[in-house]
Amino acid sequence: MWDFETDPEYQAKLDWVEEFMVNELEPLDLIALDPYDKKNAETMAVLRPLQQQVRDHGLWAAHLKPELGGQGYGQVKLALLNEILGRSRWAPSVFGSQAPDSGNAEILALFGTDEQKARYLQPLLDGEITSCYSMTEPQGGSDPGLFVTRAERDNDTWVINGEKWFSTNARLANFFIVMAVTNPEAHTRDKMSLFIVPAETPGIDILRNVGVGTDSHATHGYVRYSDVRVPADHILGGEGQAFAIAQTRLGGGRIHHAMRTIALARRAFDMMCERAVSRQTRMGPLSNFQMTQEKIADSWIQIEQFRLLVLRTAWLIDKHHDYQKVRRDIAAVKVAMPQVLHDVVQRAMHLHGALGVSNEMPFVKMMIAAESLGIADGATELHKMTVARRTLREYEPVSTAFPSQHLPTRRAEAQARLAERLEHAVAEF
């Protein structure tokens with residue numbers, strides 16, 4: 001139970017994480033090495049000692065169950081951890097919780113065979129390899145109803161043909177999890193399957209790697225699969241199960257993105273406040289001006305409101321252990337997430353003037369991150385629809401001409417009820 005206080009033992013771990021972030025991880029964000037490139041000897045030389053420190057403090061892969069080498073933390077504890085880790089690009093890899101590997105590990109653990117777990121899951125959990133989740137397509141985005149990549153059975157193999165867009169870490173991956181149509185005549189929920197495809201399989205062609213905004217790490221692959229053959233036992237979770245498995249993966253991913261977004265928003269807020277008390281004008285520091293104070297007040301309120309929504313949603317997930325029961329809450333978090341980050345970053349950037357929009361400050365990259373959060377794992381508009389539709393299920397239409405709260409109607413009913421009571425009271429008196 002979390003009651004606005006963290007138990008002392010876990011708080012001590014969080015305090016260590018904060019110090020570790022400042023002294024070890026955040027400086028790494030300023031160097032050229034890519035924490036996702038497990039094939040790079042220099043990257044691994046930096047990663048391994050840091051990962052060992054995390055293991056020594058009992059924080060490695062905290063989202064996974066103990067039998068998989070993790071800590072089995074619930075979502076509330078993960079929220080308190082991730083709202084610190086979200087400040088650094090290196091932190092997820094150092095703590096064994098990097099996307100898309102964390103989501104891929106989750107579905108391999110839940111739906112993989114023993115052979116699949118031994119070959120792909122264990123080295124992924126050990127932080128030795130990188131994976132890619134290859135789902136979205138150029139013509140259909142993330143709408144599975146529009147996917148055209150096909151997988152057809154040929155004796156004891158599946159043959160995959162099609163193109164996938166924005167397959168993160170494609171050029172670094174040791175294996176891909178590919179979503180493909182296996183039964184085009186079936187309903188959208190039943191027509192697709194997931195396949196584990198080793199990166200060395202013939203027929204995989206990365207047409208180009210795409211970056212986001214000013215990002216120098218172009219790791220989102222535009223991938224073409226041409227007669228890519230995988231053994232029949234490389235299907236994940238059974239034929240036609242891709243949609244259901246993907247929902248399991250995405251539910252956790254969305255709330256974890258939100259947890260880390262709190263860290264980014266707080267970082268922007270700290271820079272805003274530092275600028276406000278430091279920057280001098282002819283009439284004193286920027287912090288003396290009411291419009292600056294308004295920016296700070298609005299930002300603080302937005303961050304705290306969003307954090308409480310995230311923590312409440314995390315608590316509900318821990319309570320129900322069923323993402324479907326918390327789907328509205330997760331959707332609400334997903335809607336709020338990009339807006340909060342955008343608003344706080346924009347205010348902070350504005351207070352920094354020309355410096356704020358330059359490449360010598362991180363604000364432009366953070367603004368692009370905010371917009372990306374409104375697109376990744378389902379666009380904001382879709383999640384607003386989910387919130388509205390799930391909310392409207394709780395209401396019934398009235399059968400009268402006027403609404404249930406129509407004042408003249410309610411007044412007449414109240415007067416009639418009072419008159420009846422007075423009649424009984426007078427009779428008894």
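I began with a rule: two rings of Phe, Tyr or Trp, taking the six-membered ring of Trp, count as a pair if their centres lie within 6.5 Å. I applied this rule to a predicted model, and the count came to eight aromatic pairs.

**Entry on one aromatic pair**

I noted that a pair of aromatic rings is described by the distance of the centres and the angle of the planes.

Are Tyr 10 and Tyr 73 buried or exposed? I took buried to mean under 20% relative accessible area, and Tyr 10, at 2%, counts as buried, as does Tyr 73, with a relative accessible area of 14%. I also recorded an aromatic cluster that is formed by Trp 16, Phe 20 and Phe 95.

**Entry on H3 and H8**

Next I turned to helix H3 (residues 75–85) and helix H8 (residues 290–320), whose axes come within 7 Å and cross at roughly 145 degrees. Which residues make the contact? On the side of H3 I listed Gln 75, Val 76, Ala 79, Leu 80 and Glu 83, and on the side of H8 I listed Arg 307, Leu 311, Ala 314, Trp 315, Ile 317 and Asp 318. Sorted by class, the contact of H3 with H8 holds seven nonpolar residues, one polar residue and three charged residues.

**Entry on H8 and H9**

I followed H8 to its packing with helix H9 (residues 327–351), where the axes are 10 Å apart and the angle is about 155 degrees. Because an angle over 145 degrees counts as roughly antiparallel, I described H8 and H9 as roughly antiparallel to each other. I noted as well that the crossing of H8 and H9 is left-handed, and that the residues of their contact divide into 14 nonpolar, six polar and six charged.

**Entry on Thr 386**

Last, I looked up Thr 386, which lies in helix H12 (residues 380–392). With a relative accessible area of 15%, Thr 386 is buried. Which residues is Thr 386 in contact with, leaving aside its neighbours within four places in sequence? I found Arg 327 and Ala 331.

How values were computed:
Residues are numbered from 1 along each chain as its sequence is written. This is a predicted model: local features need pLDDT of at least 70, side-chain atom pairs count only at pLDDT 80 or more; totals for chains, interfaces and linings use all residues. Side-chain values use heavy atoms; hydrogens and water are left out. Axes are lines fitted to C-alpha atoms, for helices over the stretch in contact, and angles run from 0 to 180 degrees between N-to-C directions. Helices (H or I, at least four residues) and strands (E, at least two) are DSSP runs, numbered from the N terminus. Contact means heavy atoms within 4.5 Å. Ala, Val, Leu, Ile, Met, Phe, Trp, Tyr, Cys and Pro count as nonpolar, Asp, Glu, Lys and Arg as charged, and the others, Gly among them, as polar. Angles under 35 degrees count as roughly parallel, over 145 as roughly antiparallel, 65 to 115 as roughly perpendicular and the rest as oblique. A crossing is left-handed if the near helix is turned anticlockwise from the far one by less than a right angle, and right-handed if clockwise. Buried means under 20% relative accessible area, exposed over 50%, partly exposed in between (1.4 Å probe, protein chains only). Rings of Phe, Tyr and Trp (its six-membered ring) pair if their centres lie within 6.5 Å; planes under 30 degrees apart count as stacked, over 60 as edge-to-face and the rest as tilted.
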